[in-house]
Amino acid sequence: MTVQWLRSLLVTLFATAVLAGCQSTAPEPSQPAPEPTRTPDTTPAPAPTAAPEAFDENLNPYVPGTTRLLSRTFYFDYDQALIQPDDLAALEMHGTVLRNNIEVSVLIEGHCDERGTREYNLALGERRAEEIRKYLVSIGVSPQQIEVVSYGEERPEDPEHNEAAWARNRRAILIYR
Amino acid sequence: MSSSCFVRLVALCGFLIIGAAHAEQSLDTIIIDAGYDKQTKIAIVPFRQGPEFSKEQPMAEIVSFDLARSGQFAPTNPDNMLSRPTTNTEVFFRDWRVLGVEYLVIGRTGVDSLGNLKVDYHLYDVFNEREMLSDSITTTRNKWRDAAHKVADEVFEAVTGIPGAFSTRIIYVLAMNAGSPDATYRLEMADADGERARTLFDSKEPILSASWSPDGKQVAYVSFETGRPAIVLQNVATGARELLTQFSGINSSPVFSPDGTRLAMVLSRDGNPEIYVMNLADRSLRRVTRNQVIDTEPSWDQDGRSLIYTSDRGGRPQIYRQDLTNNFVERLTFQGDYNARARMLPDGKHLIFVHRNNGIFHIAWQDLERDDVRVLTRTSLDESPSLAPNGSMLIYATQDQGRGILAVVSIDGRVKYRLPSSSGDVREPAWSPFLDTL
């Protein structure tokens, strides 16, 4: 995504400017932006200096210290908002990424499957996203870095009406910005 | 067939497809699934239709379909009629008695001296050979269907004693490709029979929980157009919109009080979903619930003194009623582990709501005095029940062959019909109050 790539470039430029003690804050608006090329997930971001190994060009975080992307989607059981024990390690790593990069923030989207009423699902989706927010805060992430939005059942990942689709739709997604 | 003829045929098909794309707004023709065993036999004789209205659907046809849809009437097929009177003097009751017809409707349409549509109609009780109704409607010429629905309303009330709700409208959400990058969501308004749909608002982001103001002039709904849920008020006639609330977290479930001065809603700005009431005059907010659980889907009792809402304070979603004067709370539903989104019937003694039974979601009805629960629907993933203003039927959202559609069921569960849609998923219906459509 061009916008996210530009945003990550701005973040990098801003960080560089601060490190250099430079007074000017914004880059030249006329400065031509390099062509945003989609690089494979395993290639480190082309941005210079700062913390180049933390995110790819779309601001997706890497597993700290590696070039593997960190999973950003977490699934839930039917009618439940409990974090799966298997997901704690990945969430721990998101905590590390956020603590090490206090200039980025994360939007946590909560989603539900289509069963149940839409308004109750809007609340349930928020509860799921909130569980993840609370966990990240409990491991030292600043609450200022986190925002939560629930889409309830309105934005299914899979539009089919079966158990497999429902399992894919009961999720929370971390979106870095 | 010559090649030029073939080209012309293809061109014609292309034209028809374009025409169909424009017409896709209206819902498809209603499919009636069930009615009462004993239906009242009524004959609606084809009206004398002025030449100015030759392109309109015959008015008697619109009236007949309205009455048939109620499940209470069996209109006589015009082919079987022995005579086709359009004036009082042409009526011979024996022609109708031999057919077993109990009620007879005749009428004439034309243009008056001011250029307005004028409809004269009569209703007769065949067995007692008595005129029950003789009335005329004068309105602008573009209100042909409105005039027809008005005739159906009057006939329905004269025979059953219950006000007709055929001159009403529905609003609903039409979602295309939900969840995909090219998703669109439209808030649509159509006549109660699904005809004449038009778009009130469209967005790339979800729309839900539409509801009417009691005067029918405004609608409130939830829109994600800003990337977050916001409550929007929209004037139906002018289209003017106002983003009413945009607090952090959930802003949803807007429902007008019966007197239209307050709007119940759900906000999670203080950490989790709570019920609030906004005074629409000064936009002040009163918080109604205060706890760590989900409270949502508020609606009003018939006199506006209490709120009915869904809460999982007992571990599972159930329906509660809270008195707004003394804050006394009582739980209303006890059967099953998922009861939600309740609406109170106008008599204040019955509820309709979404009820989960063996994992399947249906619309249920409950007598509050006897705690008697009756499941009204047999479709699946049923939700969002909304009552007709006369309290006799409810419209709800369901699934049919993997697609979201609207369906209607009578309060006793006996009458059922579907409003299919040839495109997209249709959901979140809200039946209007009585409207002055003429």
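Q: How many of the eleven residues of helix H2 of chain B are buried, and which are they?
A: A residue counts as buried if 20 or more other C-beta atoms lie within 10 Å of its own. In this predicted model, eight of the eleven residues of H2(B) are buried, so the helix is largely enclosed by the rest of the structure. The buried residues are B:Met59, B:Ala60, B:Ile62, B:Val63, B:Ser64, B:Asp66, B:Leu67 and B:Arg69.

Q: What covers the buried residues of H2(B)?
A: The cover includes strand S1 (31-34), S2, S3, S4, H4 and strand S29 (416-419) of chain B. After the helix comes B:Gly71, whose phi is positive, near 80 degrees.

Q: In what order do the five strands of the open sheet in chain B stand?
A: Strands of a sheet pair through backbone hydrogen bonds, either parallel or antiparallel. Here the order is S3-S2-S4-S5-S6, and the pairing is mixed. Strand S3 (73-75) and strand S6 (130-139) of chain B are at the edges with a single partner strand each, so one side of each has no neighbour in the sheet. On average, neighbouring strands of this sheet are turned by 20 degrees against each other, direction ignored.

Q: Which helix packs on the sheet, touching S2, S3 and S4 of chain B?
A: That is H2 (residues 59-69) of chain B, and its direction makes about 150 degrees with that of S3(B). Helix H4 (residues 144-160) of chain B lies across S2, S4, strand S5 (117-125) and S6 of chain B, running at about 155 degrees to S6(B).

Q: How many bridges join strand S2 to strand S4 of chain B?
A: Three bridges join S2 (residues 40-44) to S4 (residues 103-111), and these two strands of chain B run parallel. As one example of a bridge partner, B:Ile44 has B:Val105 in S4(B).

Terms used. Residues numbered from 1 in each chain as written. Chains lettered and ligands numbered in written order. Predicted model: local features only at pLDDT ≥ 70, side-chain atom pairs only at ≥ 80, totals over all residues. Pairing = 2+ DSSP bridges. Helix = DSSP H or I, 4+ residues; strand = E, 2+ residues; numbered from the N terminus. Axes fitted to C-alpha atoms, helices over the stretch in contact; angles between N-to-C directions. Contact = placed C-beta atoms within 7 Å. Buried ≥ 20, exposed ≤ 12 C-beta atoms within 10 Å, placed from the backbone.
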